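Subject: Handing over a structure

Hello,

Here is the structure I promised to pass on to you. Have a look at it first, and then read on for what turned up in it.

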Amino acid sequence: MKKKMFLFVFVLTCVCLLFAFAACKDVDDAPSGDISGSGDTSGESEGGGIHIYPTGWMKDSEYHWRLEQYTGIEIDRDKHNCDDYGVCEVCKYDTSNGFSFEKYTDADGEAYSVVGVRVLSKKMVIPSTFKGIPVKTITGGPNTFIVGRNYIKSIVIPNSITDIRHYAFEDCIVLKNVTFEEGSQLKAIEEGAFMHCSSLESINIPKSVTRVGSFAFESCSSLSRVVFEEDSNLNTVGFNTFSNCSNLLSVEFGKNSKLETLGQDAFKDAVKLKYIEMPDSIIKVDKRAFSGCDSLEYNEYNNGLYLGNEENPYALFVKAKNKEITSCSVNENTKAISALAFMFCENLSSVNLPTGLKGIGEQAFSYCENLDILEIPSSVAFVGDYAFSDMSAVLLCGAESQPEGWSAKWNKSSDVLVRWGVSNVG
């Protein structure tokens, strides 16, 4: 009985080996006709042989392809064919990396805006292109949906981005690092863009940026340092841009900065702020720009407190040393006088303004009741609202007529007499 069983097993094994050999021969001789399916490895060809069906789809950021199961030969290589969400309709690869986009047209042609983030990730790396078209803006406000705002720890912004729009990253409360790629083309960081990012510790802003909007970094309570690149094109910092940044220590606007305007309450209640590098380009500083900045270190000169830079410590006259001063000679290198600078200096009777002064802020001399004569150099290109309200004085202006940049409300006091084109002024 055992011999019969052994013989039966032996014969069965031989038959199986013969069939396997025949199948392998058919596979080697089989034609490579059309491929169907994804990942199947068996089936009959029209000639009676067996197809070598390919593996599942392989893919990278631009192409998909398959490999024949046994030969490893690459077939069906093609570019992704994506739907509106960036998912390839063939291989299902998500070319968008979880981002949602909206197409628009600008002066340079077609572009995409990031309008949503659909995946949860600690590191957000925004793509520079989508479907071969540049990604230029990050949309904010109610039009942006970001999964896990309280999960994102770092963001990499490509150099293709020109605009970070309103409230784009508001309330990303664990965000610590924002990196801008080298060669950034960013022009604007709009209102509230990083508002309430309470873990953000520092930020280096590209020189291409011309405007930082109101509330852009408001209540970033861990922010300690802000640096603008040298040769910055920055022109304007909006109102409340860095207000309530309670751990902010220093702000560097950068050598050769083009900054002209600081908005109202720009640094309000930045209670630990010690140092601001103020460029010579400054013209206009609105009311309470440094309100509550009790740690700010000023440069003092002749009854005035100043902010400046390494080469010129007196670029901006911030305020009078106290309200009891009777005279002040503004430093010869000063470029602007802040709003409210001399307001309520009721004993002030003599002020000398330097040739080269470019701006006088809102209500700068309001209620200076004892100031009888003030000479305004022809270099002054800007005067703010009500700069000389509630005072009676003669203003001797070097300009032949009111410069275009002066506010329409610069002089609303009927008690102020203005004389234009005074030759010995400015």
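A contact, as I use the word here, means heavy atoms within 4.5 Å. Among contacts in the chain between residues at least 6 apart in sequence, 41% join residues at least 24 apart.

Before the details, two notes on the source. This is a predicted model, in which local features need pLDDT of at least 70 and side-chain atom pairs count only at pLDDT 80 or more, while totals for chains, interfaces and linings use all residues. Residues are numbered from 1 along each chain as its sequence is written, and side-chain values use heavy atoms, with hydrogens and water left out.

The chain as a whole

The chain has one helix and 32 strands; these are DSSP runs numbered from the N terminus, with helices being H or I of at least four residues and strands E of at least two. Of its 426 residues, 45% count as buried. Buried stands for under 20% relative accessible area, exposed for over 50%, and partly exposed for what lies in between (1.4 Å probe, protein chains only). The accessible surface comes to about 21200 Å², and 48% of that belongs to carbon and sulfur atoms. Such areas come from the Shrake-Rupley method with a 1.4 Å probe, and for residues only the protein chains shown count as cover.

The cores

A nonpolar core is a set of buried Ala, Val, Leu, Ile, Met, Phe, Trp, Tyr and Cys residues joined through side-chain atoms within 4.5 Å. The largest one has 64 residues, and those with the most contacts inside it are Ile164, Phe169, Phe217, Phe267 and Phe290. Strands that each supply at least two residues of this core include β4 (99-106), β5 (109-117), β10 (154-157) and β24 (316-320). A second, separate core of 32 residues includes Phe317, Ala364, Leu371 and Ile376.

What does Phe217 touch, not counting residues up to four places away in sequence? Its partners are Ile189, Phe194, Leu200, Ile203, Ile205, Val212, Leu223, Thr241, Phe242 and Cys245.

Ser154 is found in strand β10 and is buried, with a relative accessible area of 17%. Leaving aside neighbours within four places in sequence, Ser154 is in contact with Lys122, Lys123, Met124, Leu175 and Asn177.

Two open sheets

Two strands pair if DSSP finds at least two bridges between them. Strands of a sheet pair through backbone hydrogen bonds, either parallel or antiparallel.

Four bridges join β29 to β31 (residues 394-397). Across that pair, Leu374 stands opposite Leu395, and the bridge partner of Glu375 is Leu396. Three bridges join β31 to β32, where Leu417 is the bridge partner of Val394.

Another open sheet has six strands in the order β22-β23-β24-β26-β28-β30, with mixed pairing. Here the edge strands are β22 (299-301) and β30 (382-383). Strand β23 (residues 304-307) pairs with β24 in the antiparallel sense over four bridges, and Tyr306 stands opposite Phe317.

Positive phi and cysteines

Most residues other than glycine have a negative phi. Asn302, in the loop between β22 and β23, has a positive phi of about 40 degrees and is partly exposed, at 39% relative accessible area. Ser219 has a positive phi of about 60 degrees; its place is in the loop between β15 (211-212) and β16.

How many disulfides are there, taking a disulfide as a pair of cysteine sulfur atoms within 2.5 Å? The count by this rule is zero. Cys293 is buried, with a relative accessible area of 5%. Cys368 is in no disulfide either, as the nearest cysteine sulfur, that of Cys345, is 5.5 Å away. At 0% relative accessibility, Cys368 is buried.

Enjoy exploring it!

Definitions and conventions: A disulfide is a pair of cysteine sulfur atoms within 2.5 Å.
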